[in-house]
Amino acid sequence: MKNIKEIAAKLKISEDDLVLYGNYKAKVPLKYISSEKYNKNNLILVSAISPTPSGEGKTTVSIGLTQGMNRIGKQTTVVLREPSLGPVFGMKGGATGSGHAQVVPMEDINLHFTGDFSAVEKAHNLLAALIDNNIQNKKFNLGIDPRTVSWRRVMDMNDRSLRNIIVGLGGTLSGVPRETGFDITAASEVMAILCLAENLADLKRKLGNIFVGFTHDKNPIYARDLKASGAMTALLRDAMMPNLVQTIEGNPAIIHGGPFANIAQGTNTVVATKMGLSLSDYVVTEAGFAFDLGAEKFFDIKCGYSGLSPKAVVLVATLKALKYHGGAELKSVNLPDSKALKKGLGNLEKHVENILAFGIQPVVAINRFASDSNEELSIIKDRCKYIDVPASIADVWGKGGEGSMELAEIVCDLVNNCKNKYIPTYDWNWDIPKKIETIAKNIYGAKAVQFTSRANSDLEKIKKLGLDKLPICMAKTQNSLSDDPKLLGRPENFLITIREIEVAAGAGFVIPITGDIMRMPGLPNIPAAENVDVDENGNITGLF
């Protein structure tokens, strides 16, 4: 592993400007963002087919592709989200890639890193404390109706016991009792705001726009009314700077921000992406979950606000995942099953169609596992050839950058031939139901959308608040193109039910909620935390 100063030198970052966190991590000031440079350089988006329990390896492919791009002489930086401690100690384990395609120092990145998640957590909970303090205040209160307060608390840990709680118990000196709860930090609107803010002034403005609830007189209350945005920005000042690390092959990596993709936009910060594009000719970045969730939001929210536009999309697929979508049981996805594989290809084809609808050319990256057979890999490549989409087998886990050089050549060819910006799914000025229906029908393949009475009531509230022209951030299961996680593959003739609609006025989007969306996950029967340990020399193990 190289000293971080060597990595910074590759990007022509002065040592004097680095905010060092030891020898292998550093924050980089926002002054290195250049609109002249990021507008002319090349952004590559990595997405995937619908997730399965076996995993698709989107982050691993993003890192491996970056290494492959550098091997063929293209100056490339990978820009990723930061891992959340919840999944790290829960079901997924670490989120820094694997095998010969990792970002390092892996243990640091997976744990506290540079404290960004902690800063988001503290800023979020400061606002929660100010809300309850104002409700309690007899002299200077704003008349907030506690029953309308939508701002919960957050913690960066999977803890189902905190999903629903009552605060303010213990008598009149301990506050006004009310129901609330905890979400995981990655689901915080503060995290979403951090990832969309262009600078500190924009961050403070967005934080001030957070909708809190209503007064007893039905007037809206925002964080700015509580004079919260200045102190929240102070807590996030250092967190606003992107984090510089490296891949296992010594290529630059910027890792910054980490919003969920099924409740927020699911991508790293705007400033991190723009910094990467300002410092290198190519940037490989990823969007959370499958194309229908993370990548749609990447285009329609992140690109809509930032002006960014990818020049190619890499769609990651695995044999195991496609067999699972084709009806194979999880325990047998490593076994040959061409029938299930061919049936599961419908899921891949729908995501390819969605990419093309944005006006961007895709390439399918087949993330190779040791158990994959050449015969079944050929089935995927033949189908991709039939639908006129290039495909490449990426053996990045086993070979690192060497295993993605063919993919890198294809990506560069697509980038060089991209002449246009992306085509958005909808116009922000449309009414909310039309925007939701367009996403559901065009991206998911739904037959129709139905709104509950609660959702219709929410629509009226959002319209009265003057927030109905914001983009849409759909909250939906990641496991299916539909809102039913059991409908695998490419479902047809299904309905999407919008049960309620929340507003993230600070982040600048509305959130239609479908199904049962979990903002505070629980730990599995055997948490990944059970495998984590520290030896007598302080070396951490088990974070894979």
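Colleague: Where is lysine 227 found?

Modeller: Lysine 227 sits in the loop between strand 12 and helix 9 (229-236). Helices (H or I, at least four residues) and strands (E, at least two) are DSSP runs, numbered from the N terminus. This is a predicted model, where local features need pLDDT of at least 70, side-chain atom pairs count only at pLDDT 80 or more, and totals for chains, interfaces and linings use all residues. Residues are numbered from 1 along each chain as its sequence is written, and side-chain values use heavy atoms, with hydrogens and water left out.

Colleague: Is lysine 227 buried or exposed?

Modeller: Lysine 227 has 74%, so it is exposed. Its phi is positive, about 55°, although it is not a glycine. Lysine 218 also has a positive phi, of about 70°, and is not a glycine either. Lysine 218 lies in the loop between strand 11 (211-214) and strand 12 (220-222). Lysine 218 is exposed because its relative accessibility is 62%.

Colleague: Which residues does aspartate 145 touch?

Modeller: Contact means heavy atoms within 4.5 Å. Not counting residues up to four places away in sequence, aspartate 145 touches Phe214, Thr215 and His216. Aspartate 145 belongs to the loop between helix 6 (116-136) and strand 7 (153-155). Its relative accessible area is 3%, so aspartate 145 is buried.

Colleague: Why does leucine 169 count as exposed?

Modeller: Leucine 169 counts as exposed because its relative accessibility is 57%. Leucine 169 is in the loop between strand 8 (165-167) and strand 9 (178-180). Beyond four places in sequence, leucine 169 touches Ser174 and Pro177. Now take leucine 319, in helix 12 (residues 319-325). Leucine 319 counts as buried because its relative accessibility is 1%.

Colleague: How do helix 3 and helix 16 cross?

Modeller: Two packed helices are described by the angle between their axes and the distance between the axes. The axes of helix 3 (residues 58-71) and helix 16 (residues 405-416) come within 8 Å and cross at roughly 80°. Axes are lines fitted to C-alpha atoms, for helices over the stretch in contact, and angles run from 0 to 180 degrees between N-to-C directions. Helix 3 and helix 16 are therefore roughly perpendicular (under 35 degrees is roughly parallel, over 145 roughly antiparallel, 65 to 115 roughly perpendicular, the rest oblique). Helix 3 supplies Val61, Leu65, Gly68, Met69 and Arg71 to the contact, and helix 16 supplies Met405, Leu407, Ala408, Val411 and Cys412.

Colleague: Which way do the side chains of strand 19 point?

Modeller: They alternate along strand 19 (residues 448-451). Val449 and Phe451 point to one face and are buried. Strand 19 pairs with strand 20 (residues 495-498) in the parallel sense, over four bridges. Pairing requires that DSSP finds at least two bridges between the strands. Glutamine 450 has threonine 497 of strand 20 as its bridge partner.

Colleague: What kind of peptide bond joins valine 104 and proline 105?

Modeller: A cis bond, with omega about 5°. Proline 105 is in the loop between strand 6 (101-104) and helix 5 (106-110).

How values were computed:
Buried means under 20% relative accessible area, exposed over 50%, partly exposed in between (1.4 Å probe, protein chains only).
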